[in-house]
Amino acid sequence: ECVIYDDKRNLIYVANINLNPWEKDGNGFISKIDTLGNIVDLKWVSGLDAPKGLGIFNNSLFVNDIDQIIEIDLSSGNIKGRTKIGGNPTLNDLTIAEDGTLYASGSDSQSIFKSSNGIVEILLSGDLGRPNGLLYEKDRLLMLTNQTHLLESINVETKERTVLADSLGHADGIEHIGNGAYLVSNWQGEIYHLSSSMIPSKILDTKDEKINAADIDYIASNRLLLIPTFFDNRVRAYRLVE
């Protein structure tokens with residue numbers, strides 16, 4: 001479902017839901033792979049339920065797991081903390097501000113949650129178009145929506161929302177690639193390049209092959225796009241060229 005690159009260790013972490021994406025079945029796990037695609041540790045951290053969004057801050061990997069944010073020590077692989085979120089938040093993607101504040105999307109709960117020092121509050125809730133992918137940038141939060149196929153900007157102080165781009169399909173993951181441009185994945189199997197003027201152009205389409213494109217990451221140092229393929233059970237990689 002989700003991948004994230006650890007530039008300090010030159011490793012990629014992979015969130016594996018393993019069957020039902022919203023069931024507390026205890027069979028989810030996190031894998032470690034290298035940048036050549038070799039599996040370093042298939043079940044580096046196991047016993048999770050349905051891990052999805054990932055974020056790295058200091059020496060910790062943060063993982064959304066249905067109704068809690070789990071903190072994993074990157075050195076040992078031990079779980080060092082759990083932040084429970086009440087109700088049925090259906091946590092999906094995760095992004096982290098420079099001060100360590102966590103922002104998590106709740107897809108079915110139509111909410112964006114904010115967690116700071118273990119204290120959780122709802123940043124936004126309502127008709128958000130089923131929020132999924134998140135990316136924190138300075139004083140704004142970028143949000144992708146599954147149902148309305150939008151990229152929106154959220155002012156984290158005023159909570160004002162601005163539509164930046166549309167027609168992005170079942171929008172899932174977003175990564176900044178420099179010069180004001182972004183890559184966005186459509187879970188159904190598309191990758192869009194968004195120019196600095198927010199004009200989308202499709203650069204990859206694997207829908208006919210029934211290969212999904214879930215929560216992506218981008219390794220800027222070698223222009224490598226990482227795509228977890230969900231039901232296809234692989235992480236694919238593509239190099240961006242000019």
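This is a predicted model: local features need pLDDT of at least 70, side-chain atom pairs count only at pLDDT 80 or more; totals for chains, interfaces and linings use all residues.
The largest nonpolar core comprises 15 residues. Within this core, the residues with the most contacts are Tyr13, Ile30, Trp44, Leu54, Leu61 and Ile72. At least two core residues come from each of strand 1, strand 2 (11–16), strand 4 (39–48), strand 6 (60–64) and strand 7 (68–73). A further core, lying apart from this one, has 13 residues, including Ala165, Ala171, Ile174 and Tyr182. In soluble globular proteins, nonpolar side chains tend to be buried together.

The surroundings of Trp44 were examined with residues up to four places away in sequence left out. On that basis, Trp44 touches Tyr13, Ile30, Leu61 and Ile72, and also Lys32, Asp73, Leu74 and Gly77. Tyr13, Ile30, Leu61 and Ile72 are, like Trp44, listed among the core residues with the most contacts.

Asp6 belongs to strand 1, which spans residues 2–6. Asp6 has a relative accessible area of 2% and is therefore buried, the limit being under 20%. A polar atom of the Asp6 side chain lies 3.1 Å from the backbone nitrogen of Lys8. With neighbours within four places in sequence set aside, Asp6 is in contact with Leu11, Tyr13, Ile56 and Leu74. Tyr13 and Leu74 are also touched by Trp44.

Gln68 has a relative accessibility of 5% and so counts as buried. The side chain of Gln68 is joined to that of Arg82 by a polar contact of 3.3 Å.

Two residues other than glycine were noted for positive phi values. For Arg130, phi is about 60 degrees; this residue is in the loop between strand 12 (119–125) and strand 13 (131–137). Lys138 has a phi near 50 degrees and is found in the loop between strand 13 and strand 14 (140–145). The accessibility of each was also computed. Arg130 has a relative accessible area of 16% and is buried, whereas Lys138 has one of 69% and is exposed.

Ile203 is placed in strand 20, residues 200–205. Its relative accessibility is 45%, so Ile203 counts as partly exposed. Not counting residues up to four places away in sequence, Ile203 touches Leu183, Ile191 and His193. Between the C-alpha atoms of Ile203 and Glu175 the separation is 14 Å, the two residues being 28 apart along the chain.

Rolling a probe the size of a water molecule over the atoms shows where empty space is left. The count was one cavity of 30 Å³ or more, and the volume of the largest cavity is about 40 Å³. Its lining consists of Gly189, Leu204, Thr206, Ile211, Asn212, Ala213, Ile227, Thr229, Arg236 and Tyr238. By class, the lining residues are five nonpolar, four polar and one charged. Leu204, one of the lining residues, falls within the residue range of strand 20.

Note on methods:
Residues are numbered from 1 along each chain as its sequence is written. Side-chain values use heavy atoms; hydrogens and water are left out. On a 1 Å grid over the protein atoms alone, a cavity is a set of points where a 1.4 Å probe fits but cannot get out, and a pocket is an open set with protein on both sides within 12 Å along at least five of seven lines; lining residues have an atom within 4 Å of a point. Grid points are joined across faces, edges and corners, and a volume is the space filled by probe spheres set on the points. Ala, Val, Leu, Ile, Met, Phe, Trp, Tyr, Cys and Pro count as nonpolar, Asp, Glu, Lys and Arg as charged, and the others, Gly among them, as polar. Helices (H or I, at least four residues) and strands (E, at least two) are DSSP runs, numbered from the N terminus. Buried means under 20% relative accessible area, exposed over 50%, partly exposed in between (1.4 Å probe, protein chains only). A polar contact is a pair of N or O atoms within 3.5 Å; within protein, one must be able to donate a hydrogen and the other to accept it, and residues adjacent in sequence count only if both atoms are side-chain atoms. Contact means heavy atoms within 4.5 Å. A nonpolar core is a set of buried Ala, Val, Leu, Ile, Met, Phe, Trp, Tyr and Cys residues joined through side-chain atoms within 4.5 Å.
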